Amino acid sequence: MKPCPDRYDTILLAAHGELSPAELRDWERHKTACPGCRDEDEALLRLLAQIKESMPVPELSEKSASSILWSVKQELRKEQEKTSWWKAWLDRPGRLVPALATACIILITFGWFGMDLIQSPDTDRDSMGPIAENQAVLKDLEIIKNIEFLEEMDTVQELVTVLDRKESI
Amino acid sequence: MNPQSGRSIPIENEESLSRVKDEDLVIRARARDPWAPGELLQRYQQKAYAIAYHFTDGNVQDAEDLTQEAFLRAFQNLENFRGDSSFYTWFYRILVNVCLDGTRRRKRWREVFLPWQHASTEKGLSPEERPDPDAHERALKSISEKELSRDIQKSLKSLPEKQRVAFQLKALHGMSIQEIARIMGTAEGTVKSHLFRATQFLREKFKDWEEGRT
């Protein structure tokens, strides 16, 4: 005999123990009146019991259990050690003071020498003194004034070189 | 108590330790209390192993490895446990994911090294291959039961992954549909649907066996 088609979900839920007490009472009442549903319910329960029986689980041995526990604890410890060195630094700001002080000293030292190197081209003029400096400025001004004349001199010199070359040929 | 705070709870002796709630142990574990993870592990390792054992088709070594991996992953991610669900639901979710990853890995491995894998299973690693001490006396019954057991395992294996997970957690580990839904991260209706399909498939598959019995 076949079960009622509209009761198939109930059969499955009942077999898996998922009916509410009220639903269960209703289902039990129906089963007494319906042999098809009763047979299907019993068959399904037998099948589920057989499935459970045919797939037993061996107990996890004490040795394996403690081995798992040991391995997990070891791994966690390793990880803690790996991450804790930088966390320790950040957790204690006091430890950062010497590092920061060293960094500042390095910056100041290199900064000082660096500035010194940048300023070095001017140091010759600084060491000349005020009179020598004035003389150098006057010399520069004279060159600027006669720059056109100097350029003409260059052209004349080039012409002489060309003529000399022609004569020699 | 705020589970995010990481404040530790004083525990006087071993006896009171067994009464400590999972959530308190999680707080202690977060606060780097060395025995809290151990206590959580001892509480759930048998059941976790049983689940892993069924996922690995009865391979003891693989089941132990997966159990260990699941616990390790859980403890590494304790900061992500917000306490919305119970610790064991959260942990079983991790376990099922680890088992599914492991199963997929093994499947790929088998595909690549099929001949070697075949040889190793022939050596008797699966439970149905192990010698039965009572086989001598109840030979016929034993053979039919073993065949049935093998058929059941084969049929379970042939189920789609989600149907198999839902069915195993329900039928073999007695979890409720609500718990399975949380573990699988799906709606209860979806779990019911997976469960029904799997049960119907197995019912159809073993109709002959049932008719033979009656």
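The structure is a predicted model, in which local features need pLDDT of at least 70 and side-chain atom pairs count only at pLDDT 80 or more, while totals for chains, interfaces and linings use all residues. Residues are numbered from 1 along each chain as its sequence is written, and chains are lettered from A and ligands numbered from 1 in the order in which they are written.

Chain A has seven helices and zero strands, where helices (H or I, at least four residues) and strands (E, at least two) are DSSP runs numbered from the N terminus. Along the sequence, its pattern reads α-α-α-α-α-α-α. Of the 169 residues in chain A, 12% are buried; a residue is buried if 20 or more other C-beta atoms lie within 10 Å of its own, exposed if 12 or fewer, and partly exposed in between, with C-beta atoms placed from the backbone. Two residues are in contact if their C-beta atoms, placed in this way, lie within 7 Å. Among contacts in chain A with a separation of 6 or more, 61% are between residues 24 or more positions apart.

Chain B comprises 11 helices and zero strands. Buried residues account for 34% of its 214 residues. Of the contacts in chain B between residues at least 6 apart in sequence, 55% join residues at least 24 apart.

The contact between the chains takes 27 residues from chain A and 32 residues from chain B. On the side of chain A that touches chain B, the elements giving two or more residues are α1 (8-15), α3 (35-54) and α4 (62-91). The largest share, 11 residues, comes from α4(A). By class, this side has 14 nonpolar, six polar and seven charged residues, with Ala, Val, Leu, Ile, Met, Phe, Trp, Tyr, Cys and Pro counted as nonpolar, Asp, Glu, Lys and Arg as charged, and the others, Gly among them, as polar.

Leaving aside residues up to four places away in sequence, Ala52(B) touches Ala63(B), Leu66(B), Thr67(B), Leu95(B) and Cys99(B).

Gly189(B) lies in helix α10 (residues 188-205) of chain B and counts as exposed because it has 10 C-beta neighbours inside 10 Å.
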